[in-house]
Amino acid sequence: MTAVVSRLTEGNGLVLSGAVDSANAGQCEAEGLALIANLPTGPCVCDLSGLTTGNSVTAAVLMSWRRAAAKRQQTLTLRAIPTRLQAILQASNLLPVFTPT
């Protein structure tokens with residue numbers, strides 16, 4: 001299965017689609033970090049509407065991206081979180097770090 005990381009076409013952020021697994025997580029992480037490094041300042045969004053599944057590997061990639069955004073004084077908000085990934089983030093008490101207050 002493949003995953004695709006791309007720049008958000010409207011707004012400030014990125015898109016993660018497909019399926020993230022242990023075989024492609026490193027590449028997804030690196031591609032996302034490169035995109036975040038080149039985003040304009042301000043809040044950014046990660047659109048997950050194209051994810052076919054969510055798992056703990058996906059959560060780890062998203063946490064890496066969140067840390068990179070935070071180093072740039074940016075927030076990373078998740079949009080269209082798949083149900084399974086939302087449950088993992090909630091059970092891990094990580095959902096609040098991706099939710100604007």
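How many residues does helix α1 have, and what distance does α1 reach from its first C-alpha to its last? In this predicted model, helix α1 spans residues 25-37 and has 13 residues. The distance from its first C-alpha to its last is 18 Å, close to the 18 Å expected at 1.5 Å a residue.

Four residues of α1 are considered next. Ala 25, Cys 28, Gly 32 and Ile 36 are buried. These residues lie on the same side of α1 because they cover an arc of only 65 degrees around the axis. In general, an α-helix has 3.6 residues a turn, so residues three or four places apart point the same way. The buried residues of α1 are covered by elements that include strand β1 (3-7), strand β2 (13-18) and helix α2 (56-71).

The backbone was also examined for phi values. Most residues other than glycine have a negative phi. Ala 80, which is not a glycine, has a positive phi of about 60 degrees. Ala 80 is located in the loop between β4 (76-79) and α3 (83-91). Its relative accessible area is 43%, and Ala 80 is therefore partly exposed.

A positive phi is also found in Asn 93, a residue other than glycine, where the value is near 60 degrees. Asn 93 belongs to the segment after α3. With a relative accessible area of 58%, Asn 93 is exposed, whereas Ala 80 is partly exposed.

Terms used: Residues numbered from 1 in each chain as written. Predicted model: local features only at pLDDT ≥ 70, side-chain atom pairs only at ≥ 80, totals over all residues. Heavy atoms only, no water. Helix = DSSP H or I, 4+ residues; strand = E, 2+ residues; numbered from the N terminus. Expected span 1.5 Å × (residues − 1). Buried < 20%, exposed > 50% of the residue type's maximum accessible area, 1.4 Å probe, protein only. Arc of directions from axis to C-beta. Contact = heavy atoms within 4.5 Å.
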